[in-house]
Amino acid sequence: MRILHTVASLRSETGGPARSVPGLANALVDLGLDVHVWSPDVPEHLPTAVRFVLHRGSLEDALDEIADLDLIHDHGLWLSMNHRVAMVAKEKNIPRMVSPRGMLEPWALNHKKWKKRLGWWLYQRRDLGLARALHATAASEAEQFERLGLKNPIQIIPNGVDLPSSSAQRTPSTGPKTALFLSRIHPKKGLPLLVDAWAKVMPVGWQMQIVGPDENDHRAEIEVLVQRAGLSAQWHFSGALEGEEKRRAFEQADLFILPTYSENFGIAVAEALVYGVPVITTTGTPWEGLIEHECGWWVKPDSVALANALESACRLEPEQLKVMGERGITWMRNDFTWGAVATQMTVASPNASMAAKRR
């Protein structure tokens, strides 16, 4: 089977799809599929190894280089690129699957609301209606598709997570314990809520590490809030980390916090868990399994709920946090490996999955 994945950007600073699309493509190659990836924005070096065929240049150039496509799997919405993929798939009668990647979630729809409302009625609703299937990474995302009146078949399949190498190991804290935020520094991520929660708790012997690329100068806004709250001695900021530096950040963390308003998946949560780091995140994510698997806290996206979770986490002894982290590792290895995710993609129904054939 020959598949083309299309995505707006493969730059790591643009968010989860830049990692999850290559991860899925590689896993499908491992299952024996002929997998291609095209993006109009490809950095010189990708943050992950490439076992698929990577296409640069225009979409038309990529399609000229690929014969007899069975499926186009488009990731994301709203952009002219996504609209062009929809039109080309229709013109060439190639089945198309769409992963909205959280771009239909309520918070996302309310961000630049009027522009999106116009785009919805001009082209986006119609483009989605032409898709052979929609891919949701969680049941909550699938329910949102249905609330919007979309009638396409829906496949609910999570993103996968890269397992650490055998050499990866937790680094015991010798100084203050570290709570880690590792994501885009963007208004959606809820960092003002976390500043307020931290100021309520003022956990003794803890520091907060904020890691990620800055979007629209939001980091400067957060730094002002941190200063006003008197937290500058505890809160530390750095830019995006990749490779070994990112691995060390997870290995040295005692707790991971993602206070986000909205995520269709939240790949950083899975990355923290696979490194054995307990997680605090919100009901704006689909990570209610943190409670079932006893490896974290899943609370409302408000400062009081976050403060309560933070206080509970910071009261735990290192050994208790370690046990929680070990439960998280087991959960990720059982349910979220890329091999398991790719298998789900390939065995799903022919008319609602990546196994769909050209009619």
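This is a predicted model: local features need pLDDT of at least 70, side-chain atom pairs count only at pLDDT 80 or more; totals for chains, interfaces and linings use all residues.

**Burial, rings and a helix**

Guide: G119 is buried, its relative accessible area being 6%; buried means under 20% relative accessible area, exposed means over 50%, and partly exposed is in between (1.4 Å probe, protein chains only). Residues are numbered from 1 along each chain as its sequence is written, and side-chain values use heavy atoms, with hydrogens and water left out.

Visitor: Where does G119 sit, and what is it in contact with, leaving aside neighbours within four places in sequence?

Guide: Helices (H or I, at least four residues) and strands (E, at least two) are DSSP runs, numbered from the N terminus. G119 belongs to helix α5, residues 113-129. Contact means heavy atoms within 4.5 Å, and with neighbours within four places set aside, G119 is in contact with W78 and Q124.

Visitor: How do I read ring pairs, and how many aromatic pairs are there?

Guide: Take rings of Phe, Tyr and Trp (its six-membered ring): they pair if their centres lie within 6.5 Å, and planes under 30 degrees apart count as stacked, over 60 as edge-to-face, the rest as tilted. The count by this rule is 10 aromatic pairs. Take W198 and W235: the ring centres are 6.0 Å apart and the planes are at 85°, so this pair is edge-to-face. It joins distant parts of the chain, with W198 in helix α7 (residues 191-201) and W235 in strand β10 (residues 235-238), 37 residues apart.

Visitor: Are W198 and W235 buried or exposed?

Guide: W198 counts as buried at 0% relative accessibility, and W235 does too, at 3%. W235 also pairs with F237: centres 6.5 Å apart and planes at 45°, so that pair is tilted. F237 is buried, like W235. Elsewhere, ring pairs link F265, W287, W331 and F336 into a cluster.

Visitor: Which residues of α7 are buried, and what covers them?

Guide: The buried ones are L191, L193, L194, V195, A197 and W198. Their cover includes β8 (177-182), β9 (206-211), α8 (218-228), β10, β11 (255-258) and α12 (303-315). After α7 comes M202, with a positive phi near 45°.

Visitor: And which charged end sits over the ring of W114?

Guide: A charge sits over a ring if NZ of Lys or CZ of Arg is within 6 Å of the ring centre and within 35 degrees of the ring normal. Here the charged end is that of K113, 5.7 Å from the centre of the W114 ring.
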